[in-house]
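Visitor: I am new to this structure and would be grateful for a guided introduction. May we look at it together?

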Amino acid sequence: MNAESRIRAAIEEHWQASERGDFEAEHAIYAADAVLDYPQSGERFRGRETIAAQRGGHPADRRFTIRRITGHADVWVSECVITYDGAPSYSVSVMEFADQQVVHETQYFAAPFGTPAWRVALAEPMPGRTIEEA
């Protein structure tokens, strides 16, 4: 298995562990001194233990649906829907790797929104989705 295949497998295991609530396996992907940034809130979490603690303390019931994983070399992107207590949040995770571990992750979150009436006729639904007017 080449390096990129190993990284992809590690990312897939990370998200599967997140879904099943296996916090140890979920955070095995991170280097001990990894950094996690949430640009929308301005928060930075430094170190695998701190990253795991802030996620482990989340009060919501979380579900993870991975829509796509793409990347090359040391930069990989996961497109996800993370559902918190039944409410979906669309997320993009940018993971930067060194020595097969995440050294920096940036996660962006967005709430779903409806399609404006003026562009409904121009759009088609994404696979597995429906278009809802705003």
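Visitor: How many bridges join strand β1 to strand β6?

Guide: This is a predicted model. Strand β1 covers residues 30–38 and strand β6 covers residues 101–110. The two strands run parallel, and the number of bridges joining them is 4.

Visitor: What is the order of the strands in the sheet?

Guide: The sheet is open, has 6 strands and shows mixed pairing. Its edge strands, each pairing on one side only, are β2 (43–46) and β3 (62–72). From one strand to the next, the twist averages 20 degrees. The order is β2-β1-β6-β5-β4-β3.

Visitor: What angle does the direction of helix α1 make with that of β3?

Guide: Helix α1, residues 3–20, packs on the sheet. The strands that helix α1 touches are β1, β3, β4 (75–84), β5 (87–98) and β6. With the direction of β3, that of helix α1 makes an angle of about 170 degrees.

Visitor: Which strands does helix α3 touch?

Guide: Helix α3 spans residues 48–56 and also packs on the sheet. Its direction makes about 50 degrees with that of β1. The strands touched by helix α3 are β1, β2, β3 and β6.

Visitor: Which residue forms a salt bridge with R44?

Guide: Side chains of opposite charge can pair when their charged atoms come close. In the salt bridge of R44, the closest N and O atoms are 2.7 Å apart.

Visitor: Is D37 buried or exposed?

Guide: The relative accessible area of D37 is 12%. Buried means under 20%, so D37 is classed as buried.

Visitor: How many residues apart are E19 and R63?

Guide: The side chains of E19 and R63 meet in a salt bridge, at 2.3 Å from N to O. E19 is partly exposed at 26% relative accessible area, and R63 is partly exposed at 38%. The pair links distant parts of the chain, with E19 in helix α1 and R63 in strand β3; the separation is 44 residues.

Visitor: Which residues do salt bridges with shared partners join into one network?

Guide: The side chains of R20 and D22 meet in a salt bridge, at 3.7 Å from N to O. R20 is partly exposed, with a relative accessible area of 47%, and D22 is partly exposed, at 29%. The network joins E13, R20 and D22.

Conventions. Residues numbered from 1 in each chain as written. Predicted model: local features only at pLDDT ≥ 70, side-chain atom pairs only at ≥ 80, totals over all residues. Heavy atoms only, no water. Pairing = 2+ DSSP bridges. Axes fitted to C-alpha atoms, helices over the stretch in contact; angles between N-to-C directions. Contact = heavy atoms within 4.5 Å. Salt bridge = Lys/Arg side-chain N within 4 Å of Asp/Glu carboxyl O. Buried < 20%, exposed > 50% of the residue type's maximum accessible area, 1.4 Å probe, protein only.
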